[in-house]
Amino acid sequence: MNNRLRVLRAERAWSQQDLAERLEVSRQSVNAIETGRYDPSLPLAFKIADLFDMPIEAIFTNPAKEIGQ
Amino acid sequence: MAKQKLNPAQRRYMRRFIPAMTAYVVVLFACTWVAKQYDPHGAALFILSLLPALPLLAVLVVMGVYLAEEADEFIRARLVTAMLGGIGITLAFTTVWGFLENGGVVPHFATFLAFPLWCGSFGLTQCLLNLRDRLSGGWL
């Protein structure tokens with residue numbers, strides 16, 4: 001699933017490790033989510049949204065809408 | 001790439017896995033030695049033959065507990081995928097081998113080798129997943 005995680009992280013000058021520690025996940029998880037190789041669970045997606053103080057859909061692209069574009 | 005630090009669940013896994021494997025090696029050698037020295041029969045032979053399997057059953061439980069305790073959902077999903085890959089390879093190998101054995105063209109495959117075969121297949125699947133990630137631009 002496409003997302004803006006890398007951009008949001010870069011805006012805050014956080015490394016993948018920094019973000020991983022804030023989310024209490026591994027750096028591999030952050031890398032996998034950023035590169036679209038892994039779709040986070042709903043609880044983790046909410047945790048990411050809370051951390052950036054944004055709604056989930058402002059971070060992750062809705063795949064259904066992406067196909068329609 | 002920096003060496004990855006183990007998370008708490010992985011540290012607990014290692015603290016359980018290492019004693020279980022050590023127990024397996026010790027019990028296996030001890031049972032082999034006793035069997036050669038005393039040539040047991042009946043119930044004693046049954047117990048002696050069964051004992052080396054018990055630490056390996058403990059290893060299976062340790063792996064299951066680790067899966068349940070791993071808090072990182074991505075690592076957990078990776079492990080489950082690799083374990084399923086291992087099961088697939090093991091079933092494919094034993095199915096083909098079984099038919100070949102039935103035809104008398106290959107020697108007997110001892111079923112206790114299924115567990116190490118699965119462990120190897122599980123590791124191979126993990127390597128393939130890592131390779132796929134590297135080729136697709138990710139790095140772990």
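Q: How do α1(B) and α3(B) run relative to each other, roughly parallel or roughly antiparallel?
A: Roughly antiparallel (over 145 degrees), since their axes cross at roughly 175° and come within 9 Å. Bear in mind this is a predicted model: local features need pLDDT of at least 70, side-chain atom pairs count only at pLDDT 80 or more, and totals for chains, interfaces and linings use all residues. Residues are numbered from 1 along each chain as its sequence is written, with chains lettered from A and ligands numbered from 1 in the order in which they are written.

Q: And which residues in α1(B) meet α3(B)?
A: Among them are B:F17, B:Y24 and B:V27, with B:L56, B:V62 and B:Y66 included on the α3(B) side. Contact here is C-beta atoms, placed from the backbone, within 7 Å.

Q: How do the residues of that contact divide by type?
A: 14 nonpolar, no polar and 3 charged.

Q: Switching topic, what makes up the largest nonpolar core?
A: Eight residues: A:L5, A:L19, A:V25, A:V30, A:A32, A:I33, A:Y38 and B:F74. Members are buried (20 or more other C-beta atoms within 10 Å) and joined through C-beta atoms within 7 Å.

Q: Which helix gives the most to this core?
A: α3(A), with 3 residues.

Q: What does A:I33 contact, leaving aside neighbours within four places in sequence?
A: A:N3, A:L5, A:Y38 and A:P40.

Q: How many residues does each chain put into the A–B contact?
A: Chain A puts in 11 and chain B 12. On the chain A side, the largest share is 4 residues from helix α3 (residues 27-34).

Terms used. Two residues are in contact if their C-beta atoms, placed from the backbone, lie within 7 Å. Helices (H or I, at least four residues) and strands (E, at least two) are DSSP runs, numbered from the N terminus. A residue is buried if 20 or more other C-beta atoms lie within 10 Å of its own, exposed if 12 or fewer, and partly exposed in between; C-beta atoms are placed from the backbone. Axes are lines fitted to C-alpha atoms, for helices over the stretch in contact, and angles run from 0 to 180 degrees between N-to-C directions. Angles under 35 degrees count as roughly parallel, over 145 as roughly antiparallel, 65 to 115 as roughly perpendicular and the rest as oblique. Ala, Val, Leu, Ile, Met, Phe, Trp, Tyr, Cys and Pro count as nonpolar, Asp, Glu, Lys and Arg as charged, and the others, Gly among them, as polar.
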